[in-house]
Amino acid sequence: MPIVMGSRSTYPLGGIGGYKGRKLEAGDMLPIGDFKEKPQIGKTLPEEYKVKLESVETLRVITGLHDYKLTEDSIKGLFEDTFVVSSETDRTGYRFKNERKLKYKNLPQPFGAGSDPSNITDACYPVGSMQAPGGNEPIVLLRDAPSGGGFAMYCTVISCDLDKMGQLPPNHKVKFQQISMEEALKARKAYQAKLEALQKSLQ
């Protein structure tokens with residue numbers, strides 16, 4: 001696979017990267033390159049590096065930028081309720097189903113924002129940020145999502161939990177856990193150290 005913008009992954013919306021910029025289809029032939037050294041047959045990842053999903057997985061988040069728009073009950077439910085990964089999930093965003101809708105405070109809309117309480121004046125979307133247009137199912141935006149728009153962001157899944165989230169299949173149960181910025185930075189440092197150790201173990 002050719003490297004495009006530093007990655008071998010596929011971006012279907014843009015039609016670039018991967019195999020002809022599209023998903024794989026029956027009959028596709030993928031080159032694997034030339035081995036410079038004899039491959040190590042049977043070598044596997046050490047157990048400590050394998051992703052092990054819990055029956056109810058926890059995703060850590062930092063609240064903001066617009067959590068003030070939600071009612072206290074909605075904020076409470078966001079962290080108390082158990083959600084289920086929707087089948088409408090891809091690299092654009094992970095959608096989570098739940099029995100309760102998110103509700104908003106009766107606040108005046110800022111100039112330039114839409115009329116729905118979930119609207120804001122257009123802003124940048126961080127990767128991992130959560131929005132719920134109209135108060136419906138929360139959506140966590142991923143790398144193929146728009147980089148900005150007019151929906152409020154209530155929290156952001158921390159970067160080192162996004163890889164785990166990407167392994168969650170439809171109907172998997174999830175709970176969101178609120179943490180501080182200091183805890184998030186500490187978790188990221190530990191995750192980066194684990195990735196470096198993993199890389200060394202494969203050499």
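Lys69, Tyr104, Lys105, Leu107, Gln109 and Pro117 line the largest cavity, a cavity being a set of points on a 1 Å grid over the protein atoms alone where a 1.4 Å probe fits but cannot get out, with lining residues having an atom within 4 Å of a point. The model is predicted: local features need pLDDT of at least 70 and side-chain atom pairs pLDDT 80 or more, while totals for chains, interfaces and linings use all residues. Residues are numbered from 1 along each chain as its sequence is written, and side-chain values use heavy atoms, without hydrogens and water.

A search of the whole structure finds one cavity of 30 Å³ or more. The volume of the largest cavity is about 30 Å³, counted as the space filled by probe spheres set on the points. Its lining has three nonpolar residues, one polar and two charged.

Helix 1 covers residues 72–80; helices here are DSSP runs of H or I with at least four residues, and strands are runs of E with at least two. Its buried residues are Ser74, Gly77, Leu78 and Phe79, where buried means under 20% relative accessible area with a 1.4 Å probe, protein chains only. They pack against strand 3, strand 4 (83–85), strand 7 (129–131), strand 10 (155–157) and strand 11 (173–178).

Leaving out residues up to four places away in sequence, aspartate 28 touches Tyr19, Arg22 and Lys23, with contact meaning heavy atoms within 4.5 Å. The side chains of aspartate 28 and arginine 22 make a polar contact at 3.0 Å. A polar atom of the aspartate 28 side chain also lies 2.7 Å from the backbone nitrogen of glutamate 25. A polar contact is a pair of N or O atoms within 3.5 Å, one able to donate a hydrogen and the other to accept it within protein; residues adjacent in sequence count only if both atoms are side-chain atoms.

How values were computed. 1 Å grid on protein atoms, 1.4 Å probe; cavity = no way out; pocket = protein on both sides within 12 Å on 5 of 7 lines; lining within 4 Å. Nonpolar A, V, L, I, M, F, W, Y, C, P; charged D, E, K, R; others polar. Buried < 20%, exposed > 50% of the residue type's maximum accessible area, 1.4 Å probe, protein only.
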